[in-house]
Amino acid sequence: MEIREMTAARIGREIKRKNLGVRETAEAFLEEIRQQEPRIHAFLSVDRKKTLERVRQVEQGIRDGRYTGPLAGVPVAIKDNICMKDWNTTCASRILENFVPTGDAFVIQKLEEAGMVVLGKTNMDEFAMGSTTETSAFGPSSNPWNTDHVTGGSSGGSCAAVAAGESPLALGSDTGGSIRQPAGYCGVVGIKPTYGLVSRRGLVAYASSLDQIGPVGNSVEDCALLLSAIAGKDLLDATSLDVKLPDFAAASEKSFGGMKIGVPKEYLAEGTDPQVKQALADAISLMSQNGAQVEFFSLGLTDYVIPAYYIIACAEASSNLERFDGIKYGYRSENGEGLHEMYKYTRAEGFGDEVKRRILLGTFVLSAGYYDAYYLKALKVKRLIKEEFDRVFARYDCILAPVAPDTAPLKGSSLSDPLKMYLGDIYTVAVNLAGLPAVSLPCGRDDKGLPIGMQIIGNRFSEEKILRAAGSYERLRGTFGRAWHAGR
C-alpha cells in the first residue's frame, strides 16, 4: 500500500513496528508535494532542509525512547497563520510576506513533544478572512477532487493538502467554520474544538473570541489523535482552560447506539442544495437504523447568526489588525511623506480587498454612535445564541447538520458577490459564537463528484460525544475514497 493511502494512525503504527522509516515517510510526502503543488497550490512554503533536520531529531528521539506516542514520526502541515520559529508566517498577506517569528506557537511545541515532522506552511484566505482561499495574496488553492473548484476556506490549503495526499495531517484555524467548511468541500475530516481547549498562543488573531486551532485528517481517528496531541492548558494563554482530557481516539471507536441526536429544521430549509439535503437524509437513515435516536427540532435565532457573527468578527479584526503598520515587522511602503502617510500607504498596499472590507466594517460598528446600535447588540445576540444551544443540549447529545448549503463552487464565482460568500457560513458560525465543538466529515458526493460534508455539533467540552458519533457513522458509511482516485 502507498504511504499516502494510509491513515496517520496506521503510519504511526508502522513506524513504531519499524516497517516504515521516519525519513522514508517524510520523503514520500515531500515527493507528493513536489508533484502535486503545480496543480493544487496547497502550500505557501516547504523547506526540505528543515524537514529533514527535524526527521533526524525524531529518529534519534524514537531510538532514545523520548517519542513513544501514536503520532511519533508522522508528518503534518501547518496553516500559515500559526507561528513557527524560523519559518515564514505570512497569513497569506503581502503585509507579512517576509515575517519570520522568533518563537513557536503552543501547538507547535505540542507537536514537537509528540515527535511529529512539519512538512510546510499551507495556503489560506488572507488573515483567515474568506471562505474559498481565493483571497490569498499568493493565489488560490485548487480542490483536489476537481481543480476548477475552490477548496473552501479559510483553511483551504490545509484541507487540500490532506485531500491531495500531500500530508496525512494538518492544522487549521476555525473562526466561523474555517476548518469544517473546507473539510466538507475537500472530503476530509476536520474538528473545531471547544473554545479554550487548544491554546491560541502563537495564532495570528482574526477574531480573538472566536478563533480556535483544530486538526484536519483523513479519518476521525486521525483527527482525534492530533487533537489529543495539541490540547491542554497553556499557562501563557488566559483563554486556555485547564480541563481533564479524555482519550479522544478511544471515544471515536465507540458506537453511537443510544445517543439522542437532533437535526435543526431550519438547516434544511430553502436555499440548501437538494443533493446536500439528500446526503444528510441518507446519513440520518443510516444512523437511525443502527441505534441512534434522531429527531428534528426547531433551533431559534438562526436568522440573527450571520449578522451577529460578522459584526463581532469584523470589530475584533479591526482591533487586531491595527498592529500591522509597517513599523516593527512586515511590509513597509516606500511611498508617502511622514509617519501617517507611511501608515496609510503600507496598509493600502499590504492588505487585500477582503481584509480592507472587514476592517472598514469593524471600524464602523465600533465607532461613536454605532457601538451600542451594532456591536453591543451583537454581543447580546451572541449570549442568546449560547442560551438557545444550552436549551437544545438539555434534550440532545449532539446536533447533526450540513456543513454548507452547497458543494464547492467554481473558482471566481464567490468573490464577485461577498454577501453570498458570507451567507455560505450560515451553518457553521453559530458554533463559534457559542464556543462549541464540532466535527465535519464527508457523507456523500454530488452529481459532479464533489464531496458533501456534514457536521456533528456538541455542547462545550463534549468532544467525546461528537467523536463517538462521527467515528461510528464513519465505520457504517465505509471508505469514502481519496481525491486522487476520482479527481481531475
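1. With 0% relative accessibility, Arg180 is classed as buried. The model is a predicted one. Arg180 belongs to helix H6, which covers residues 180-186.

2. One partner is Asp174, at 3.0 Å; another is Asn432, at 2.7 Å. Setting aside neighbours within four places in sequence, the residues in contact with Arg180 are Asp174, Gly190, Lys192, Val403, Thr428, Val431, Asn432, Ala438, Ser440 and Gln455.

3. Arg332 sits in the loop between helix H10 (302-320) and helix H11 (338-350). Its relative accessibility is 46%, so Arg332 counts as partly exposed.

4. The side chain of Arg332 has a polar atom 2.6 Å from the backbone oxygen of Gly326. For the backbone oxygen of Ile327, the distance to a polar atom of the Arg332 side chain is 3.1 Å. Apart from residues up to four places away in sequence, Arg332 touches Gly326, Ile327, Met342 and Thr346. Thr346 is 14 residues from Arg332 along the chain, with 5.3 Å between their C-alpha atoms.

5. Helix H7 (residues 220-230) and helix H16 (residues 463-477) have axes that come within 9 Å and cross at roughly 155°. Angles over 145 degrees count as roughly antiparallel, and H7 and H16 are therefore roughly antiparallel to each other.

6. On the H7 side of this contact are Val220, Ala224 and Leu227; they meet Glu463, Leu467, Ala470, Gly471 and Glu474 of H16. By type, the residues of the contact of H7 with H16 are 5 nonpolar, 1 polar and 2 charged.

Definitions and conventions
Residues numbered from 1 in each chain as written. Predicted model: local features only at pLDDT ≥ 70, side-chain atom pairs only at ≥ 80, totals over all residues. Heavy atoms only, no water. Axes fitted to C-alpha atoms, helices over the stretch in contact; angles between N-to-C directions. Helix = DSSP H or I, 4+ residues; strand = E, 2+ residues; numbered from the N terminus. Parallel < 35°, antiparallel > 145°, perpendicular 65-115°, else oblique. Contact = heavy atoms within 4.5 Å. Nonpolar A, V, L, I, M, F, W, Y, C, P; charged D, E, K, R; others polar. Buried < 20%, exposed > 50% of the residue type's maximum accessible area, 1.4 Å probe, protein only. Polar contact = N/O pair within 3.5 Å; in protein donor to acceptor, adjacent residues only side chain to side chain.
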